Structure formats: C-alpha cells, structure tokens
Amino acid sequence: MQVEICDTTLIVPPNSPFSDDHIVLSLSHIDNDPNLRLTFRYLRAYVNSTTTNHPSNPFHVISSALSSALVPYYPLTGTLRSLPDRRLELVCSKGQGVPFVRAKASCTLDSLGYLDNPDTHFVEQLVPTPGPDEALAHPCMLQITIFDCGGFTLGTALHHSLADGLGATQFFNVMAKFARGEGSSIMPVWNRESLLGPRNPPRVEAPIREFLSLKSGFSAYEQSIGPVVRECFDVKDECLDGFKSQLLKHSGLNFTTFEALGAFIWRAKVKASKIPGDEIVKYAYSLNIRKIVMPPLPGDYWGNGCVPMYAKMRANDLVEKPIWETAEVIKMSKRNATEEYVRSFIDFQSLHYGEGITAGKEVSGFTDWRHLRHSNVDFGWGGPVTVLPLSTHLLGGLEPCYFLPYSSASVGNKDGFKVSVTLREFAMPAFKVQMDKFRSGDFALVINKD
C-alpha cells in the first residue's frame, strides 16, 4: 500500500492578523522545556458513509476552514528561531502560512480496520515528516489523504513548543466550527511568558532535583538505543479488573488503570530490554496544570499547559519486587501534583536551561488518550473514528506507551481499549510474552516473580 502525494498548498489567513510587517512572540519556560523540542505527529481518520455524507470535497472544506482559523491562531504560521541561550521564540510575518499536503490512497479505511492496528510503514505516509530545519520554518504542517471509500485522514505535524494536545485540539475545534459554517468566538490567549514565567527571584523548593539533573550536551532524543518497533495490544476490561482486584488483595490499595497497567508495562519493558540492574529507570507522565496554578490559566490559553511528572526505581527493584510496589510508587508520585511543583519546575528551567536539563537515559513516557477531546473534532463528517499518535519521542524518552480507545467504526473490539507500545526491536518478542501472560488472565504468572 502506497500513499500518492498530489500537491502541497501554503494556506494563509484571508487577511493579515497584525499591522506590522512582523512581530516576535515569546514562549513560556514550559514551552521551552527541552523535552518539547520535537515535532509531534498524529492523525485522525474520518469515514464518509451514507449517514455522514458531506456534499463537499474534504480538502476544499478543511483548507478553507484552516485559512479562517489562522486569523486568531496566526502564530501557527510563524517561524521558530533559537536565541543565544538556545531557547526558542516565534517570528510571525505577513504572507506566512501552513503547508497543507493533499494525498490519496488506493484502498479503503474498512480494509485497514479503520487503522486500529495499522501497518507502521503505511501510516507513516499519512502524516508530514519535516526535517529539523523545516520543523522550525513551518512548525505546523497538515496532510489530508483521501481513500477510495471517500473517507480521509488528517495528519498533523506540530512542533510541541507551540501547543500540547489540549491546546492543539482547541485550534482544531475552531477549524471544525468554520468547516461546519458556524464560525467561532474564541479569542485564543498567548501571554505565555507572563502567565507561566519564573518567580522573582526563582527558587526550587519542590523535589525537582530528585528527578532532573544537569548534563551539558546531552539530548534525550539524540541518544542511540538501536532500532525501535511499535505494536498494539488489546486490553479487555475483564482482564484489567481481575488484575486490579489481585493488586488490591495483595496490597490493600486501589489502583487506577493508569497506575496498575502502567506498572505492569513499565516492568515488562525494562525486563525485556535487559536494562542493567543498577540503572535508575523512570516512569514519566504529564500533569495538566491549567487548574493547579493560581490563578488558573484562562480557558482559551492554548500553549503547553502540562509539566512532566516522574516515578523512579532501580531496574533490579522494578523487575524483582512485587508488582503492587511499583504501582504504589507511581501512585505516590502524584503527591507532587501541586502549584509549588509547577512553579519550581518553571524556576528550575529558568535557572539551568543552558546547562543541559535531563531526566536521564532510561525514561519511559506514558500517556492516556482514552478520555481526551481529540475525537470531538467534527469537520462535518462526524468526529474521527480513530485518533492515532505516531511520535516515538515523548517526555524525554524514545519508547512511549499510549492508552488508546478502539476505533468507533470497527466491528467488535468494544470491550476495553488498546495499548500502543514502542520498544527496542530486540526486546519486543520478550515483551509480547509478558503481555500474553497478562492477557491470559492467569495473574499468578503476573503477580509473582518469574
């Protein structure tokens, strides 16, 4: 299966959103987190059936909506440039726009299972892949791919320093309103430096240094761990409930799905990858700070509104100790979800940005997309039936794990959800063995040492 690229159009706002020839916008210290110096790539898949039939061409509808949305969201047309201390700022000039790729695929979404468990090589063709220089010159790029069935995918390549998932979804929902002919009254808030700037004087009072260190010249995303592969695994509700019941029986603690399944997958990944026993390994996830900081961030703020949180263990302890102890370490890490932690994180970035802030080498990024509003983006054909992240760089690690809902269009697979795991290629066979044990429901194999 191949995707044919037809053309690329630069979509610009219908009128200049600012009066000067150019303006320079500052980013927040969270936007400038070194872990966010990457292009995040993901796609949404839409069906075009008799019940959701739209009379217009998706490319024309969405490109027109994009042009309208770029009036209030004009920073997406800008160019990122580095300052002497390597922080980024955004330069917006008249005539800039967002590259929009038009493509087609000679197959149907149904034949691909609506991308529930897709072929990696194929889906990679559905989203722009800008190089390092192009990613700064065009921090937002889109691609629409039309399938033989009339359905389509909208692929996004967005530099993470401009927005997180919630901020980007806010933009796409505004686009969708224009596409449906409704217009939008949202006035997106920038003010990033003032809303999420350091204190005066900056101070680090939360346990930031417990998880972050300084190593000049080290880049988490440039380290070499060899080739990686991505696999999707089904997780049934009954199996997960049984696992959590066993954890409660052994520990007396109730664990969320994110804590329980995350603990199992983290241990299985480290074990399969044969990480040296004395290595410190970290479980990383994002904390939404929008209502934690005081005053809360404005509802229309669309910059990065999350900071990384960490749980850490020695690899030996993670593999050898009872699994509920790992789940408890993850649960206890949530005690740091305070405004002081957020402010200390910002101040730590301010004090040490040029010194190489890092969480270390063996970081496993976890994120839960099951309840985000990605699926609400409706351009007139209904919401997407599948939302699929493709990025292998997340929270300072190269082997992310995403909890994802099944496609709403697929037959069956309504029980539970799927887990997308990226792992070193040599480790995936052993990891699959561990996942098979988990999904077998024989929790004696999972709970006890093996």
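This is a predicted model: local features need pLDDT of at least 70, side-chain atom pairs count only at pLDDT 80 or more; totals for chains, interfaces and linings use all residues.

A: Helix α6 comprises residues 237–251, and at 1.5 Å a residue its 15 residues should span 21 Å. The buried residues of the helix are Cys239, Leu240, Phe243 and Leu247. These residues cover an arc of only 95° around the axis, and therefore lie on the same side of α6. Glu238 and Lys249 are exposed, and the face that carries them is turned away from the buried side of the helix. Just after α6 comes Gly252, which takes a positive phi of about 75°.

The salt bridges may be considered next. Side chains of opposite charge can pair when their charged atoms come close. With a limit of 4 Å between a side-chain nitrogen of Lys or Arg and a carboxyl oxygen of Asp or Glu, the count comes to 21 salt bridges.

One of them joins Arg199 to Asp347, with the closest N and O atoms 2.7 Å apart. Arg199 belongs to the loop between α5 (192–195) and β9 (213–214), whereas Asp347 is part of helix α10 (residues 339–352), so this pair ties together parts that are 148 residues apart in sequence. Both partners are buried: Arg199 has a relative accessible area of 17%, and Asp347 has one of 1%.

Another salt bridge is formed by the side chains of Lys331 and Glu259, at 3.1 Å from N to O. Because Lys331 lies in helix α9 (residues 323–333) and Glu259 in helix α7 (residues 257–272), the pair ties together parts that are 72 residues apart in sequence. Here Lys331 counts as partly exposed, at 24% relative accessibility, while Glu259 is buried, with a relative accessible area of 2%.

Arg180 and Glu182 also form a salt bridge, their closest N and O atoms being 2.9 Å apart. Arg180 has a relative accessibility of 32% and so counts as partly exposed. Finally, salt bridges link Arg41, Glu124 and Arg230 in a network.

Key
Residues are numbered from 1 along each chain as its sequence is written. Side-chain values use heavy atoms; hydrogens and water are left out. Buried means under 20% relative accessible area, exposed over 50%, partly exposed in between (1.4 Å probe, protein chains only). Helices (H or I, at least four residues) and strands (E, at least two) are DSSP runs, numbered from the N terminus. The expected span of a helix is 1.5 Å times one less than its number of residues. The arc is that of the directions from the helix axis to the C-beta atoms.
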